Amino acid sequence: MDKQDTTLKQPKRVVRDSDIAWDKLDNTANLFPVIATEDMSNVYRISAVLKEEVDRVCLQEALNMVLPNLPIFRMRLKAGMFWYYFEANNRPAPLVTEEASYPGAYINKSKNQQYMFRVTHYKNRINLEVFHALTDGFGGVIFLKELVYQYLRLAHPDELKGEKNRISTGVFLDTEDSYLKNFKKTSKHPKGYKSNRAVTVTGERLGKNEMGVVHGYMPISELKAAAKKYGATINQFLVATFVYAVYKEYLRGNTSEDPISCCVPVNLRPYYDSHTMKNFFVMVSAEFKPEKDSYTYEEVIKIVIDSLKEQITPDNLAKILYYNVSNETNFILRLVPLVIKNLAIKQVYGASAHANTATITNIGSLDLREPYNKYVDRFYAMLSMSKGQNIKGACCSCNGIMTFTFSSCLASLSIQKKFFQLIANEGVNVAIETNDVYYE
Amino acid sequence: MYRCDNCNITIYDNVDVCPLCHQVIDDISEEEEAKVIKTFGAPSPYPDVRKITKRTELAMKLIVFLSIIAEAILIVINYFTTPKIMWSLVSGLAFVYFLFSLRYWISHDSGFAIKLGIQITLTMIILAVIDHFTGSKGWSFEWAIPGIILFGDAMALFLMMLNRQRWYSYTMFLLYMELLSIAVMVLHGFNKITNIVMPITCIALSSLFMLATIIFGDRAFYREFRRRFRV
């Protein structure tokens with residue numbers, strides 16, 4: 001493999017031992033180290049599927065070159081007396097390996113050169129798996145895109161010789177804690193996360209630590225047209241279709257005391273003019289409580305749209321943000337040792353874990369800039385399981401194709417079936433692909 | 001590539017039945033396949049990770065199985081040879097200790113210093129329990145536990161030398177050894193430990209190391225302290 005001149009990469013800075021950088025975890029990140037386990041890894045995966053087989057040596061070199069420029073990922077997690085904190089990790093980049101575990105597998109923070117992300121590959125695919133304490137999908141997408149750009153520059157030195165070996169212009173490497181920055185003591189009544197029980201999708205489980213994946217590929221133009229018929233955005237349409245699929249397949253169209261509640265992460269950056277690479281999102285829940293005998297698809301879509309519209313308002317998001325941050329800024333609570341904090345956080349998390357049926361996230365459009373776009377087929381995003389949520393969905397788009405990925409620890413695919421059937425019946429061309437866990 | 005008429009979807013997986021509705025399906029023509037690939041891209045299969053996962057699990061299960069068999073044999077030997085002294089309890093405890101340690105060191109993701117601290121604490125507890133079951137002669141408090149603290153001090157020094165770039169990451173471990181030394185001294189004060197030599201040695205050595213760390217560590221030590229104790 002001919003490699004491009006790699007001498008242009010950033011000169012290695014030698015950090016003095018005593019001056020080693022460290023950073024606080026952002027508000028959301030404080031939760032993840034406490035609740036992360038082998039079964040509930042809090043690791044998400046974003047993958048890029050190239051049009052060619054991935055070369056591991058080249059990918060490793062690309063990672064070695066990109067990582068020094070992304071300080072948010074060059075961290076290791078340490079436990080203090082009162083809080084977890086990040087410490088700069090000056091070890092070499094983690095080893096790129098061939099995919100050998102289920103998507104979103106737990107990241108052991110004492111292995112992997114102590115980095116909290118991993119890069120794997122399999123055939124045409126490059127996978128980036130990130131522990132959520134580091135950053136949300138926004139940060140993950142920046143990393144993966146830059147990794148793919150660098151990989152392509154190394155793999156196609158002649159075709160991309162005009163391209164510079166550096167992070168793309170316009171990428172923000174801001175690492176501010178936007179939660180704290182935008183937290184204002186207000187007279188507004190803080191809005192906590194609900195703890196009322198929602199429908200929990202249960203059933204026969206796959207093997208221990210196994211995760212089933214079903215990707216659904218759909219043209220955005222057709223999806224948009226289908227959503228428009230119901231006066232919905234693509235996001236609202238997908239969430240509503242999922243809710244209806246749970247209603248029809250899991251509740252069999254019956255009434256329920258508990259609502260079907262679908263967690264939707266909302267990126268706060270546009271609301272607060274933030275460009276941070278740290279986590280900056282809050283959760284809202286699209287709720288549908290089947291109280292009468294029968295609901296049509298249209299009715300459920302309308303209910304879900306209204307539920308989301310009601311919650312995704314600047315005022316409501318500010319209230320949720322205020323609630324999240326207020327506990328962190330309380331001096332008495334800050335004085336509580338980490339061991340006790342962990343117990344309390346686990347308790348609070350456990351109490352609210354069953355308040356949602358599932359999570360569906362949309363990490364947006366991942367189109368690569370020219371001239372890189374032609375080398376990539378599509379992107380995936382997928383979420384790992386969490387307590388009380390045995391099925392989750394993540395979607396992203398690239399080159400006019402929306403990929404909706406279900407991840408689940410359940411053996412049954414009935415909800416996925418209904419979901420894709422509903423969309424296909426709306427005239428959308430649908431293709432699916434699984435990770436073979438559902439076959440012998 | 002296949003097509004399910006019931007679900008009205010195309011399936012990339014190499015299967016005979018639709019994974020969603022379980023209807024028997026047929027493959028699509030090459031022309032249609034080319035069209036699908038043009039629209040959505042080529043298939044991107046996953047590796048069979050089930051085999052890899054099972055192999056690791058099997059190794060762990062085998063160790064547990066063999067330990068149980070070994071302990072059962074020891075219990076039988078104990079029963080028929082020296083029924084009045086239940087030494088097989090000690091071997092049982094040793095097996096539990098070994099399995100826990102193995103599992104903890106392999107799968108837990110704490111840092112090396114935390115793992116070592118927990119291992120040292122567990123070893124102290126195990127030795128105290130064995131001492132208790134073998135006639136409460138007090139050897140664990142008199143010699144074994146202080147000996148482990150000295151070993152801990154030596155390990156801290158060794159690790160700091162070994163990982164000179166990040167020597168400060170073992171200061172909390174050293175502090176823990178210091179606290180254990182104080183606890184041993186307190187036990188001496190309450191006459192739980194009669195021999196003064198070991199408590200004095202422990203506290204002297206731990207304090208010496210701590211003092212050296214504070215003086216020579218200078219800014220790095222204070223920074224580490226600040227990070228660890230940030231409120």
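User: Why is E163(A) called partly exposed?

Analyst: First, a heads-up: this is a predicted model. The relative accessibility of E163(A) comes out at 22%. Buried means under 20% and exposed means over 50%, so 22% puts E163(A) in the partly exposed class.

User: What makes R369(A) and E163(A) a salt bridge?

Analyst: Their side chains meet at 3.2 Å, N to O. The cut-off is within 4 Å, so the pair counts as a salt bridge. R369(A) is itself partly exposed, at 31% relative accessible area.

User: Why does the pair of R369(A) and E163(A) tie together parts that are 206 residues apart in sequence?

Analyst: R369(A) lies in the loop between β11 (358-365) and β12 (376-382) of chain A, while E163(A) lies in the loop between α3 and α4 (178-181) of chain A, so the pair links those two parts.

User: How do you know whether R269(A) and D136(A) are buried or exposed?

Analyst: Look at their relative accessible areas: 4% for R269(A) and 5% for D136(A). Buried means under 20%, so R269(A) is buried and so is D136(A). Their side chains also form a salt bridge, at 2.9 Å from N to O. R269(A) lies in helix α7 (residues 269-272) of chain A and D136(A) in the loop between β7 (125-131) and α3 (137-155) of chain A, so this pair ties together parts 133 residues apart in sequence.

User: What makes R45(A) and E99(A) a salt bridge, and where do they lie?

Analyst: The N to O distance is 3.0 Å, and the limit is within 4 Å, so they qualify. R45(A) lies in strand β2 (residues 43-50) of chain A and E99(A) in the loop between β5 and β6 of chain A, so the pair ties together parts 54 residues apart in sequence. Both R45(A) and E99(A) are buried. Over all chains, the structure holds 18 salt bridges.

User: How many salt bridges are there between chain B and chain A?

Analyst: The count is 2.

User: What else can you say about the contact between chain B and chain A?

Analyst: The contact takes 48 residues from chain B and 69 residues from chain A. The two chains bury about 5100 Å² between them, 51% of it on carbon and sulfur atoms. In chain B, F40(B), Y46(B) and R230(B) lose the most area to chain A, together 18% of what that side buries.

User: Why is Q114(A) called buried, and what is R91(A) called?

Analyst: Q114(A) has 17% relative accessibility, which is under 20%, so it counts as buried. R91(A) has 35%, which falls between 20% and 50%, so it is partly exposed. Q114(A) sits in the loop between β5 and β6 (117-122) of chain A, and R91(A) is in the loop between β4 (84-88) and β5 (97-98) of chain A. Leaving aside neighbours within four places in sequence, R91(A) is in contact with R76(A), Q113(A), Q114(A) and Y115(A).

User: Why is strand β14 of chain A largely enclosed by the rest of the structure?

Analyst: Because 8 of the 8 residues in β14 (residues 401-408) are buried. I401(A), T403(A), T405(A) and S407(A) point one way, and M402(A), F404(A), F406(A) and S408(A) the other way.

User: How do you know that β14(A) pairs with β8(A) and β13(A)?

Analyst: Pairing needs at least two bridges. Strand β8 (residues 212-219) is joined to β14(A) by 8 bridges, and β13 (residues 391-398) pairs with β14(A) over 8 bridges too, so both pairs pass. Each pairing is antiparallel. For instance, M402(A) is the bridge partner of M218(A), and C398(A) stands opposite I401(A).

User: What about confidence in chain A?

Analyst: The mean pLDDT of chain A is 89, and 93% of its residues reach 70 or more. Over residues 1-18 of chain A, though, the pLDDT is below 50.

Notes. Residues numbered from 1 in each chain as written. Chains lettered and ligands numbered in written order. Predicted model: local features only at pLDDT ≥ 70, side-chain atom pairs only at ≥ 80, totals over all residues. Heavy atoms only, no water. Helix = DSSP H or I, 4+ residues; strand = E, 2+ residues; numbered from the N terminus. Buried < 20%, exposed > 50% of the residue type's maximum accessible area, 1.4 Å probe, protein only. Contact = heavy atoms within 4.5 Å. pLDDT = per-residue confidence, 0-100. Buried area = accessible area lost by both parts, 1.4 Å probe.
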